[in-house]
Amino acid sequence: MADVNVHCPQCHSAHVYRHGHNPNNRDRFRCCDCLRVFQLTYVYEARKPGVKEKIMEMYLSGAGIRKTARVLNVSTNTVIRTLKKENALA
Ligand SMILES: [Zn+2]
């Protein structure tokens with residue numbers, strides 16, 4: 001089997017192994033160091049790297065929740081959950 005050069009998106013370790021597949025038959029991987037499970041590609045926009053930062057950026061520049069959700073192609077609940085986790089709505 002060909003060895004794919006996969007790195008953990010969280011800790012950048014190359015020590016990962018295949019951890020089954022998602023319902024669309026894309027491979028899932030697990031990091032041996034931080035035990036996180038991740039995929040190389042995601043269908044849902046909010047799982048892609050950098051989207052959470054974009055949500056915070058849009059919130060801080062005054063965009064509303066629904067506008068942020070529409071522009072980034074994620075759900076309003078994702079925007080609200082991200083803002084709550086970052087304590088932006090407190
Ligand atoms: Zn890791």
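## The zinc site

Four donors count as tetrahedral if all angles lie between 85 and 135 degrees. In this predicted model, the four donor atoms around the zinc ion subtend angles of 103 to 119°, so their arrangement is tetrahedral. For comparison, the ideal angle for four tetrahedral donors is 109.5 degrees. Donors here are N, O and S atoms within 2.8 Å of the metal (3.2 Å for Na, K and Ca), and water is not among the atoms, so sites may look incomplete.

The protein donors are the SG atoms of Cys8, Cys11, Cys31 and Cys34, at 2.2 to 2.3 Å from the zinc ion. Along the chain they follow the spacing C-x2-C-x19-C-x2-C. Buried or partly exposed: which is Cys31? Cys31 is buried, because its relative accessibility is 0%, whereas Cys34 is partly exposed at 28%. (Buried is under 20% relative accessible area, exposed over 50%, and partly exposed in between, using a 1.4 Å probe and protein chains only.)

Let's move on to the helices, which are DSSP runs of H or I with at least four residues, while strands are E runs of at least two; both are numbered from the N terminus. In H3 (residues 76-85), Thr78, Val79, Thr82 and Leu83 are buried. They share one side of H3, because they cover an arc of only 130° around the axis, taken from the directions from the helix axis to the C-beta atoms. Asn77, Lys84 and Lys85 are exposed on the other side of H3. The cover over the buried residues of H3 includes H1 (51-60) and H2 (65-72), with contact meaning heavy atoms within 4.5 Å. Just after H3, Asn87 has a positive phi of about 60°.

H2 buries Thr68, Ala69 and Leu72. These lie on the same side of H2, because their arc around the axis is only 95°. Arg66, Arg70 and Val71 are exposed on the face turned away from that buried side. H1 and H3 are among the elements that cover the buried residues of H2. After H2 comes Asn73, with a positive phi near 60°.

## How the values were made

Residues are numbered from 1 along each chain as its sequence is written. Local features need pLDDT of at least 70 and side-chain atom pairs count only at pLDDT 80 or more, while totals for chains, interfaces and linings use all residues, and side-chain values use heavy atoms, leaving out hydrogens and water.

Definitions and conventions
Four donors count as tetrahedral if all angles lie between 85 and 135 degrees; four count as square planar and six as octahedral if opposite donors are over 155 degrees apart and all others between 65 and 115; anything else is irregular.
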